[in-house]
Amino acid sequence: MNYLQALILGVIQGLTEFIPVSSTAHLLIGQEILKIPASEKIFAFLVIIQTGTILSLIIYFRNDLWNIIKSFFIHLKDIKQFNLMPYDARLGWYIIIATIPALIGGYLLRDALENLFTNPFLGASIRLITAAFIMFLGEYFGSSLRTLESINWKDGLFVGLMQIIAVFPGASRSGTTISAGLMRKFDRPSAARFAFLISIPVMLAAGGYEILKFMGSGGISIILPSLFIGFITSAIVGWFAVRWLLGFLSSHSLKPFAIYCLILGFICLGWSIF
């Protein structure tokens, strides 16, 4: 992989991690178009540059995260009076509840997930169509009646279980978890905010695991310059993407993204067959 390819993949990652069109599917397509052969190093690169978009999330939600973490630990002793705890403290617990299923699913499926990168266009097509279907369901069953302040443990658990689907590359993490929030009757900005907050620990765990694994193999130095370029690019582009999406969802639905994923999914399916 050369530096230009790393830059392009970083831009793709930053744009599509938060915009619900499946970052992994677009990375797989980019990998194919750029003629980058599938390998363990490429898989590690694609996972690790996600940490760049995590950085953009942490910076964007820095005040929210600080309030949640501070309130969580201050009121840790008040767990027996959970319903009387401040909203930020309770939200911290709901983020944990929503994170656990994805961490378990990602760990148990880690070997199978790596093999999904061997047929880029077919893998991208299946998961783009899946992402479109889930977003259509979210819009169909959603009513946009609730704000995030009304969240409860059932909401956290449901979104967390749906996040297991997002563990599969190409299923669109943001599209799946935002749609899950819509199915629980949250308004779109609230569903997106919770989806982004719960993605931070999951993406940190996935990226950290790949970094440790790759460092242990001694191969990270080979792609370190490319990793740096992809990381910085995805972080910068990702910050603008999440800012744009939250503004967009305040007055628009997920349907345009679902239609886009459906069309692109069938194009990739036809490409892989013919």
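## The cavity and its lining

Helix 11 contributes the most to the lining of the largest cavity, namely four residues. Helices here are DSSP runs of H or I with at least four residues, numbered from the N terminus. Helix 10 (173–183) and helix 11 (188–217) each provide at least two residues of that lining. This is a predicted model, where local features need pLDDT of at least 70 and side-chain atom pairs count only at pLDDT 80 or more, while totals for chains, interfaces and linings use all residues. Residues are numbered from 1 along each chain as its sequence is written, and side-chain values use heavy atoms, with hydrogens and water left out.

The count comes to one cavity of 30 Å³ or more, and the largest cavity has a volume of about 40 Å³. A cavity is a set of points on a 1 Å grid over the protein atoms alone where a 1.4 Å probe fits but cannot get out, and lining residues have an atom within 4 Å of a point. The volume is the space filled by probe spheres set on the points, which are joined across faces, edges and corners. Among the lining residues are Glu17, Phe18, Arg173 and Met203.

Arginine 173 lies in helix 10 and glutamate 17 in the loop between helix 1 (3–16) and helix 2 (23–33), so the pair ties together parts 156 residues apart in sequence. A salt bridge needs a side-chain nitrogen of Lys or Arg within 4 Å of a carboxyl oxygen of Asp or Glu.

Arginine 173 counts as buried at 14% relative accessibility, and glutamate 17 is buried at 5%. Buried means under 20% relative accessible area, exposed over 50%, and partly exposed in between (1.4 Å probe, protein chains only).

## Other salt bridges

By this rule there are five salt bridges. In one of them, aspartate 64 pairs with arginine 193, with the closest N and O atoms 2.6 Å apart. This pair links distant parts of the chain, with aspartate 64 in helix 5 (residues 62–74) and arginine 193 in helix 11, 129 residues apart.

Arginine 184 and aspartate 155 also form a salt bridge (2.7 Å, N to O). Arginine 184 sits in the loop between helix 10 and helix 11 and aspartate 155 in helix 9, so the pair ties together parts 29 residues apart in sequence. Salt bridges that share partners join Arg146, Asp155 and Arg184 into one network.

Definitions and conventions. 1 Å grid on protein atoms, 1.4 Å probe; cavity = no way out; pocket = protein on both sides within 12 Å on 5 of 7 lines; lining within 4 Å.
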